There are 2 protein chains.
Amino acid sequence: MAVSPRIAIDAMGGDIGPAVMVAGMARARRKDRALKFDVYGDEQQIKPELEKHRPLMDAVTIHHTTDAIQASEKPSQAIRRAKTTSMGMAINAVKEGAADAALSAGNTGALMAMAKLALRTMPGIDRPALAALLPTLGQTDCVMLDLGANTECDAQNLVQFSVMGSAYARTVLGISKPRVKLLNIGTEELKGTGELKEAAALLREATYLPLKFDGFTEGDKLSRGDVDVVVTDGFSGNIALKTAEGTARFVTDLLRRAFTSSLRSKAGFALSKPALNLLKVHLDPNNHNGAVFLGLNGLVVKSHGSANYKGVANAIGVAASMVRNDITRKIGEDLDNFRAHAFAGDAAE
Amino acid sequence: MAVSPRIAIDAMGGDIGPAVMVAGMARARRKDRALKFDVYGDEQQIKPELEKHRPLMDAVTIHHTTDAIQASEKPSQAIRRAKTTSMGMAINAVKEGAADAALSAGNTGALMAMAKLALRTMPGIDRPALAALLPTLGQTDCVMLDLGANTECDAQNLVQFSVMGSAYARTVLGISKPRVKLLNIGTEELKGTGELKEAAALLREATYLPLKFDGFTEGDKLSRGDVDVVVTDGFSGNIALKTAEGTARFVTDLLRRAFTSSLRSKAGFALSKPALNLLKVHLDPNNHNGAVFLGLNGLVVKSHGSANYKGVANAIGVAASMVRNDITRKIGEDLDNFRAHAFAGDAAE
């Protein structure tokens with residue numbers, strides 16, 4: 001377990017550029033003085049940004065490259081440049097053990113393809129999944145996966161995601177037996193696709209796993225706080241996550257209009273402002289930024305392409321927490337346990 | 001075109017019961033004196049409710065039955081009782097021309113199966129879709145479909161949904177050439193499932209249709225007001241719609257907590273209340289209630305199972321608007337046009 005997590009940063013990915021990435025690193029390090037960074041990208045662009053954050057400089061090693069993956073590049077093209085691009089080099093640092101985790105704000109498809117090729121999936125995992133924390137009305141956030149790594153998933157994928165998501169909830173949220181639900185279009189057993197029904201049957205059987213399978217949930221119940229891990233395919237998960245983000249912004253936009261609609265409501269807003277600022281912090285997607293690829297032999301974290309420096313800092317915090325909690329090893333243990341039981345079941349048949 | 005729309009009401013469907021259905025009819029009729037109702041259900045339960053709304057009584061004919069479809073019934077079971085249940089009888093009234101539209105708050109799967117069997121899909125339509133209006137920041141609402149009628153859809157289904165959704169936007173929202181987008185997990189052409197890419201290619205070709213195909217959109221862009229018709233499969237559409245509802249409720253719950261967190265913010269709330277009430281009205285799902293099955297030879301409207309009387313009244317308003325706009329005929333014309341061009345294209349190849 002790394003007491004001083006070393007994070008490999010792809011400084012060139014995403015629309016945000018090296019300035020925001022470096023400012024995010026500086027903010028993360030102000031909160032966590034143990035962090036170290038390997039930064040991959042154009043030295044000419046990175047150095048002037050580092051000059052602005054002098055306390056950070058001791059913790060940073062720059063690895064120069066001008067080759068970067070573009071947002072529009074196909075994953076199949078991107079993987080050919082794994083050795084020369086900032087994204088590929090950051091992942092490679094994890095593969096070689098030089099860094100504990102890689103972080104990129106770049107093209108998700110390319111990041112997934114490169115990470116899968118370099119780090120390989122863990123034994124028992126067919127596909128890695130992208131997982132993140134969602135805010136709820138309950139005591140803790142909930143883990144949701146897959147958020148877009150796999151457009152289509154079968155029942156086995158969904159079961160594997162459940163095991164990985166539960167390991168996340170146990171290690172990072174400290175919930176010993178997380179409540180797991182499958183995202184569906186109804187809570188009755190007859191609802192949904194064949195894959196969902198089959199995954200539900202498998203999870204109901206697998207009572208030896210350190211999770212409590214609790215059936216189906218729906219899109220309007222995600223923020224209730226009655227589930228710790230929400231499992232879905234990457235298409236539906238991406239739609240749900242983005243719809244939640246868009247709706248939160250829509251409601252706060254309407255709220256802003258309401259508050260500025262009259263002098264009276266402006267005065268009301270001025271009085272309520274301290275309380276409303278807390279709400280703003282709670283809803284800011286930057287404070288939930290940082291999705292993790294689970295199921296690989298190494299940690300890769302995706303920062304949102306349009307996150308600000310606070311968002312980058314949050315994603316670095318997620319990466320550091322994953323490293324300190326040794327999540328890769330813990331997922332591996334759960335998977336070994338799952339397979340041992342599955343084989344025992346096969347033998348008894 | 002019916003100047004006095006006659007709506008067949010399934011009074012027994014959903015959790016809400018005849019009291020809410022009758023109160024909703026009364027509210028709808030106060031706004032629109034031309035409405036007439038055929039009400040299907042238990043006379044013993046319906047009559048006492050009607051007594052509470054005396055001005056409504058002249059506009060209502062009760063058709064007695066005690067047989068009702070349950071929320072947990074499978075569609076395959078439900079269709080066997082099409083002739084005896086309140087849901088089946090209401091749909092049959094549309095089939096026989098006795099009513100202009102049917103409305104039910106019952107089991108969506110059963111309603112879909114019964115409606116499809118009794119009314120049949122229109123020529124050129126393989127599957128009907130459930131469509132509703134979503135609030136946006138723009139000048140008008142946007143039409144979204146499918147919201148849950150079809151768990152899986154192919155490219156042809158998505159193209160047909162685009163034609164039907166555009167007819168909805170043209171007739172009900174008055175937009176002569178609606179902007180249509182397909183819901184996806186990215187806006188780049190290479191994103192998404194094979195079905196989505198194929199549907200996009202077909203829609204790009206079909207320039208003779210009275211719609212403007214504008215590529216892909218994502219879950220966080222639905223409420224921006226830059227699209228008039230959002231087309232998706234019923235699984236993703238249901239997830240998106242419910243996630244939007246749940247997130248809006250989540251944010252308003254957080255807002256309530258913020259306002260009650262101190263005396264100061266309570267005072268601010270009191271001042272801002274008139275403006276905030278407008279926001280509340282705008283976000284109340286009851287004011288957007290009423291999803292329409294498009295693509296059938298007859299109109300069937302689904303009211304949310306937990307809508308209140310205002311929601312029922314809104315759904316009745318949707319049904320009446322559809323009847324007056326003669327939407328079934330207009331969708332038929334667009335489909336004829338589409339097929340004429342498609343055949344001409346085939347012949348030229």
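Analyst: Over all chains, a search of the whole structure finds 39 salt bridges. A salt bridge here is a side-chain nitrogen of Lys or Arg within 4 Å of a carboxyl oxygen of Asp or Glu. This is a predicted model, in which local features need pLDDT of at least 70 and side-chain atom pairs count only at pLDDT 80 or more, while totals for chains, interfaces and linings use all residues. Residues are numbered from 1 along each chain as its sequence is written, chains are lettered from A and ligands numbered from 1 in the order in which they are written, and side-chain values use heavy atoms, with hydrogens and water left out.

Start with a pair between chains. E218(B) forms a salt bridge with K242(A), and their closest N and O atoms are 2.3 Å apart. E218(B) sits in the loop between strand 8 (212-217) and strand 9 (229-231) of chain B, and K242(A) in helix 8 (residues 234-259) of chain A. Helices (H or I, at least four residues) and strands (E, at least two) are DSSP runs, numbered from the N terminus. E218(B) is buried, at 9% relative accessible area. K242(A) also counts as buried, at 13%. Buried means under 20% relative accessible area, exposed over 50%, and partly exposed in between (1.4 Å probe, protein chains only).

R256(A) forms a salt bridge with D253(A), the closest N and O atoms being 3.1 Å apart. D253(A) is partly exposed, at 24% relative accessibility.

Next, chain B. The side chains of K181(B) and D226(B) meet in a salt bridge at 3.9 Å, N to O. K181(B) lies in strand 7 (residues 179-183) of chain B and D226(B) in the loop between strand 8 and strand 9, so the pair ties together parts 45 residues apart in sequence. K181(B) is buried, with a relative accessible area of 11%. D226(B) is partly exposed, at 25%.

In chain A, a network of salt bridges links K181(A), K212(A), D214(A), R224(A) and D226(A).

Now the relation between the copies. Chain B superposes on chain A by a rotation of 180 degrees with 0.0 Å of shift along its axis (RMSD 0.0 Å). That is the relation of a two-fold axis. The same surface serves both copies, as 100% of the contact residues of chain B recur in chain A. Contact means heavy atoms within 4.5 Å. Of the residues of chain B, G268(B) comes closest to the rotation axis, at 1.9 Å (C-alpha).

Finally, the sheet. Chain A has an open sheet of 11 strands with mixed pairing, in the order 3-2-1-4-11-10-5-6-9-7-8. Two strands pair if DSSP finds at least two bridges between them. The edge strands are strand 3 (60-64) and strand 8 (212-217), each pairing on one side only. Helix 7 (residues 194-205) of chain A lies across strand 7 (179-183) and strand 8 of chain A, at about 160 degrees to strand 8. Axes are lines fitted to C-alpha atoms, for helices over the stretch in contact, and angles run from 0 to 180 degrees between N-to-C directions.

Terms used
Least-squares fit on C-alpha atoms with pLDDT ≥ 70 in both.
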